[in-house]
Amino acid sequence: MPLPCDTAPHRVLARALRSATTASLFTLAMHGTVRPLTAQPLAAPPTSARDATPRVPGAPAATARAPRVVADGETLEGVAIAGRAVSVFKGIPYAEPPVGARRWTPPVARSAAAAARTARQVTSFGAECMQDDREQRWTAQIYAVFGRDKDATYAQLHPSEDCLFLKVWTGNATTRGTPRPVMVWIHGGSNVSGSGHGSWYDGTHLAEQGVVVVTINYRLGVYGFLAHPGLVAESPQGAAGNYALMDQLEALRWVQRNIRAFGGDPSRVTVFGESAGAIDILHLLASPLSQGLLHRAIVQSGSYFGGMPRVAAAAQGGVALAKALGVDSSASPAASLAALRAASPERLAAALRATPTATVGPIVDGWVLPDVTGRRFEQGQVQRVPLLVGSNANEATTLKTLLPPVPRTVQGYKNFLSSLLFFAAPTEQLYPAKTDAEVEPALMAVFTDFAFTCTARGAARDYARAGVPAWQYWFTRTYPGGESLGAYHAMEITYAFGNVDPMLPRTPTDIALSQAMVRYWTRFAATGDPNGPEAPAWPAHTTTGNEYLELGATIAPRANLKPQACAVADAASKAQWGAAAAR
């Protein structure tokens, strides 16, 4: 489950407010033939993130014959899910553990394993990457709106630096039928929390529709994004940071090498993700290193709004982090880096809390990311693969910690708008607040549109302008009893996976919407086009019509989603790209 970081992004927004840079106020540092669904109740995943395999009540956990495949020369033994025509392989390592001297280095592919007398059992999850419980706390706050006990929703974490694991669901591992399209999920969580085995991401139902599902872990927070002069010096490319993106690329290389063994088609790989996972996919699309590793992309509530730090500036944050650990400022880059690598996770966490300048998100490193991702999109310097992109109508209702830290008064709002320079007047006209009570809703609307709605529209327009097919959606469904949240950030995830969260309400309308979304998502993975005979036609996005599909109580094609707001948001974002280029 995704989570907006309640510390680092807040610092980003506060610094942006003080420096009066428009776009950075909203920069997120933060988730064959397909068989159509039948009109049956969807499977409910368990509430525990440690065991996300749905069970048929009263049935044994697995059938007598455990499925086996060979990946990277090693025999892997998974679990055949009882009552379902799907097998799952959990906790598969896709790279060497990034520990010790490998902390803050590009991932290293696992060497081919020698044939073993007994198979490796991949029947339990590998560790989550290093993080705290902020994601669980965020999710519990959502459940509380629906009267669920917060304490009952917590799942125990087992984080470790040895965390580069993935998981595969397939209905084709033993039948050896026609290779199936592959869907690789990149989880959200502000790039500081989450894992590939959250219960919302259970792939059983999608696998039953004729796709092979892969979910992955990747390094998070300071482990995934630290830049430092010592890292720049030891890199052949003169790059540092972006290790999380490198992990995702390495997982995609693993898919290319091994997915045939699971019944998947390596020439039809769709990356899909939400929140930070979707943001990372936008970065992957802008990276030359992803060439040939992905063939379609689904971006759910992602954003490339605003600027990105360059490696030289981000590396100074690494120096500051070392200083917070007690490293003498006169130490050489190599000595400073050695101290960072020797520090325990507890000491690193404490030092990070004392280092507001440390970067914990993607940067322009000149190698993985040659330039600001938004500008790469505008210039058409992206992977030319079909794109499905969208956002939710009320993203900010669960992201209030990311709102600008301004007084919730009319005057505080006006002062905030004045910092937007020449974007102040049109923003105030579009998002007025005449009373103090209207200030926070106005801020949430600005944040939602600038950071999500208009980025989705912009990405679709950039692709359409480049002649690459793109489809935009806008998710508008509200749970019964959840009117205060609306269509909140991450709400669409279980719909797209075809899962039911037992902590949340679900009606026949929700089940029908989920079935339609699963059909759209899996057809897109299979063919590069979400359209098919069982649901309303989804028009491709064009620069003249700005078409999109509303996904809610009604599923219907629409056009021109918030054009005035997006004209302002686009101009504000481009202004920040220019500021980033100067740094």
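Which residue forms a disulfide with C129? The partner is C163, and the two sulfur atoms are 2.1 Å apart. A disulfide here is a pair of cysteine sulfur atoms within 2.5 Å.

This is a predicted model, in which local features need pLDDT of at least 70, side-chain atom pairs count only at pLDDT 80 or more, and totals for chains, interfaces and linings use all residues. Residues are numbered from 1 along each chain as its sequence is written, and side-chain values use heavy atoms, with hydrogens and water left out.

Stay with C129 and C163. Their link is right-handed, with 90° about the S-S bond. The pair links distant parts of the chain, 34 residues apart. C129 sits in the loop between β5 and α2 (134-145). C163 sits in the loop between α2 and β6 (165-170). Helices are DSSP runs of H or I with at least four residues, strands are runs of E with at least two, and both are numbered from the N terminus. C129 and C163 are both buried. Buried means under 20% relative accessible area, exposed means over 50%, and partly exposed lies in between (1.4 Å probe, protein chains only).

A search of the whole structure finds two disulfides. The other joins C454 and C566, with sulfur atoms 2.2 Å apart. This link is left-handed, with -85° about the S-S bond. C454 lies in helix α14 (residues 439-465) and C566 in helix α17 (residues 563-581), so the bond ties together parts 112 residues apart in sequence. C454 and C566 are both buried. Count the bonded cysteines along the chain, and the pattern is 1-2, 3-4.

Now turn to a pair of helices. Two packed helices are described by the angle between their axes and the distance between the axes. Helix α6 (residues 243-258) packs against helix α7 (residues 276-285) at about 75°, with the axes 11 Å apart. Axes are lines fitted to C-alpha atoms, for helices over the stretch in contact, and angles between N-to-C directions run from 0 to 180 degrees. That angle makes α6 roughly perpendicular to α7. The cut-offs are under 35 degrees for roughly parallel, over 145 for roughly antiparallel, 65 to 115 for roughly perpendicular, and oblique for the rest. L245, Q248 and L249 of α6 meet D280, H283 and L284 of α7. Contact means heavy atoms within 4.5 Å.

Finally, look at S275, in the loop between β9 (264-274) and α7. Its phi is near 60°, a positive value in a residue other than glycine. S275 is buried, at 0% relative accessible area.
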